[in-house]
Amino acid sequence: MGAIKTPAKDMDQQDLALSRRGFLAGAGGLSFAVAIGSTGLTLMGVAEAKAKARPIGAWVRIAPDNTIVIVTPAAEMGQGSMTGVPVALAEELDADWSKVTLQMAPAEPSIYGYGGHSMAIVGSRAMRSYFDEMRVAGAQVRKVLLEAAAKKWKVPVGTLATEPSVVVHPASKRRMTYGEVAIFAKTPKVMPEVAPSELKKPEHFRLIGLSVPRRDVPEKVNGAAKYSIDVQLPGMVYATTVHAPVQLARPKSWNEKEIRKLKGVIAVVRLPRGVAVVADTYEHVIAAREKLTVEWAKGARADGYDSEPALETTYAEMARKAGGGGGDVAAAFKTAAKVYKAEFRSDYGYHAQMEPLNAVARFNGAGDVVEIWEGTQAPGWSRRRIASALKLPIEKVIHHQQYLGGGFGRRSLTDYTVETALIARAVKRPVKMIWTREEDLGFGMFRPQTFQAIEAALGRDGKIAGWRHKVVGEGGYLTHSGINLEQYYGIPATSIEPQGTSHGVRLKHWRAVAHPFNVFAIEAMVDEMAAKVGMDPFDFRRERMNLTPKARHLFDMVEKMSDWKRKQRIRRADRALGLSVSERSGSLGAGVVEISLDRKTGKIRVHEVWVAIDGGTIVQPDMARANIESGVIYGISSVLKERATFKGGAVEQSNFHDYEVLRMAEAPEAIHVDFAKRDTPPTGLGEIGNPFVGAAVANAFYALTGKRLYHMPFTPERVLAALKT
Amino acid sequence: MIAFKVNGKSVTVRAEDTTPLLWAIREHLKLTGTKYGCGAGLCGACTVHVNGTAVRACQTALSEVKGKQVTTIEGLSPKSDHPLQKAWVKEQVPQCGYCQSGQIMKAAELLAKTKSPSREEIVRHMNGNICRCGTYVRIVRAIQRAAKEG
């Protein structure tokens, strides 16, 4: 195949368009695009990129050799979206997937954001937000190719069809590869319209619904995958930041003279909420950090905050105040045959992503352009945040997205990257800044602790007629997502009353936000009611709720999957099952866990898990299953072990010895996942796996022991205390 | 200056005796497949082999590897074709992937000693390595597959 024969003028226009997007040539003079292919992370020179492929629209470049580059927009933090989202485009483009390579999109939300505005991958948004747009983008490129081929062959476009990466004219049996068409195809200024009816019907899908291997996996088994912590730059120095034990206290003074004398130390930099040590190597940074003593200003709002006593005083008092709700709620309780009440507690949770927070920053010589390397859930937000903190125009912030060593909600706020940029500006050298694990936890941003009081009214017809749910905690939405009983239980009168506290500690979205503790309370409460009226948990939900058909189907699925009925008839003395259900990000899931208990130590063990999910169209089944497995493990970990506490405004835990997460010996032997068969749009799967786990475990614990667990996590001491009640 | 072998090649690192092997490998030698997770020997993300034994690079002083053979994930196989690496791809184990170098190096130690480990042996051996994405079920499956398929 020959060289690209494109008029010079066209080429220039394309170059201009590309550089306007900061796509290849950045303002900082960085002339590489980072292309992630199946063979590893490669730097593609501008010239090479030009020679290789022609852009057709913003998302696709096609080379004469029929290889296709698809720009992939979603942060890759383990959920597989980097591969899964472009599959939707490739499907409608009718691309030969084996000839597709992927390239991480630049941080340009106006071009690569869903809805043309956001690249933030939060709330399990990647697939559900990009699915339609990627399909349309793929169909548009296919249209451009078809029209070009029709002109060339002088046949009506309607007489053409495509096979994977080939345009065909069945009547004359003529064929041209996409690569051949791309050589002469003119890209219109505005891409053609695609009506929803022009998209493929599900029965014609070749990629959607079949699992393609993840493109990041090969380089994640040989050490080649690059996270920001792996970035190496010439002349780079190292840094870490120390923050106050009392969260958000400002630095007042420190032993600068002493630190400056230490081996390798280059600078000590004051930051708004911390002090950074900069040295020639990271080992020297750590040695200096150990010697650094900082006096912190008094008066931080968190000062003196003790979280455990607060839960039993302020929180409990607020939750126990009489509940409200509209007239229908009051009426439901007034006419109730029986009212059930219970209180639930949950502790602070830490994200504990495996890659401690870090970033790399480099300024140009003039000090007015900064390049950033980081793995972030929200590249657009990050860029804006850095520009604003450094008072730079946004186009002077060049962002290089990397793999994320875990996100879980923490990596959508890049405070650590801003710190890195500030340090790089102060020392006028490229800086790799890494928070130690202790810093990552101590200066963490937490899932808030909560106290919940629930009242449920059983109507005279035996159905649940009213629900009052009070949640006390800090963080607004962070405390009250997940109370959506109407979505699957159809409870007619509900009242949700979040009540805010304020302690001045850092809080953040944590996988599924408030669902994990709210769903725990709801589903433990439902189980308790079922037990009180002597009904099977499945039967109670079917008969005493106005179940939606979706929920009913999932309950039927998971009852069968877990062999529930037989296991209820023939009970093992040492095992028991628990049921729970949750919605999240448009998805619905019902799950059953099987547990055992060591009555001497108080340790609960989850042996097997069954989950039935309605996630709409399942674009990539194996990745979808992996997401659910991940959620289940994350759930079990938080439910059995994870708790952060504050004393005097300082986090009491510091590393994995006192903030324990689930290990292999504690993980279930098997997690069975099945999906309802749907052709509705895909919904979020990243956070549907964990919220149901709390109640499922607590309900199984009741089935095994006759005792209830009301405080998450169910640590051995809480379990032993419950056994004594 | 300390001399040792990494992935079969002789190297010298200009650093203090007490420098953790982790930072020597990652930042002096630029072999970044070995990861920093906790710096306290609690998570296993930094697992490498020293003379064939899996160690925590964050807890190993540079002086301890003087004259020894260090193997990192980059040196586990010439073409990423160690049975474990092949099995890891087949089972689609990695999610965020950050802990997986350590997981594979730890598992490689097991398979070098025990050809067909039982589930219990696998779990006991691997229990020190944390995976926050929760790929444990697939890790067990991949190790069993590697043991079977070689």
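Before the first stop, a definition: two residues are in contact if their C-beta atoms, placed from the backbone, lie within 7 Å. This is a predicted model, so local features need pLDDT of at least 70 and side-chain atom pairs count only at pLDDT 80 or more, while totals for chains, interfaces and linings use all residues. Residues are numbered from 1 along each chain as its sequence is written, with chains lettered from A and ligands numbered from 1 in the order in which they are written.

**Stop 1: where the chains meet**

Colour chains A and B separately. The contact takes 48 residues from chain A and 42 residues from chain B. Now pick out helix H8 (282–291), helix H19 (621–640) and strand E28 (670–675) of chain A: these are the elements that give two or more residues to the side of chain A that touches chain B. (Helices, H or I with at least four residues, and strands, E with at least two, are DSSP runs numbered from the N terminus.) H19(A) gives the most to that side, with seven residues.

Ala, Val, Leu, Ile, Met, Phe, Trp, Tyr, Cys and Pro count as nonpolar, Asp, Glu, Lys and Arg as charged, and the others, Gly among them, as polar. On that scheme, the side of chain A that touches chain B has 26 nonpolar, 12 polar and 10 charged residues.

**Stop 2: an enclosed strand**

Next, select strand E16 (residues 358–363) of chain A. Are its residues buried or exposed? Six of the six are buried, so E16(A) is largely enclosed by the rest of the structure. Here, buried means that 20 or more other C-beta atoms lie within 10 Å of a residue's own, exposed means 12 or fewer, and partly exposed is in between, with C-beta atoms placed from the backbone. Both faces are covered: A:Asn358, A:Val360 and A:Arg362 lie on one side, and A:Ala359, A:Ala361 and A:Phe363 on the other.

Show the neighbouring strands next. Two strands pair if DSSP finds at least two bridges between them. E16(A) pairs in the antiparallel sense with strand E19 (residues 431–434) of chain A over four bridges, and A:Ala361 has A:Val431 as its bridge partner there. Strand E17 (residues 370–374) of chain A also pairs with E16(A) in the antiparallel sense over four bridges; in this case A:Trp373 is the bridge partner of A:Val360. The hairpin of E16(A) and E17(A) has six residues between the strands, and in it A:Gly367 takes a positive phi near 75 degrees.

**Stop 3**

Zoom to A:Lys154, in the loop between helix H5 (126–153) and strand E7 (161–163) of chain A. Its phi is near 55 degrees, a positive value in a residue other than glycine. A:Lys154 counts as exposed, with 6 C-beta neighbours inside 10 Å.

Then jump to A:Lys391, in the loop between helix H11 (379–390) and strand E18 (397–401) of chain A. A:Lys391 is not a glycine, yet has a positive phi of about 55 degrees.

Finally for chain A, select A:Met712 and A:Pro713, which a cis peptide bond joins, with omega about 0 degrees. A:Pro713 sits in the loop between strand E29 (711–712) and helix H21 (716–724) of chain A.

**Stop 4: two helices in chain B**

Last, switch to chain B and show helix H2 (residues 83–90) and helix H3 (residues 100–113). What contacts link H2(B) to H3(B)? B:Leu84, B:Gln85 and B:Trp88 of H2(B) meet B:Ile104, B:Ala107, B:Ala108 and B:Leu111 of H3(B).
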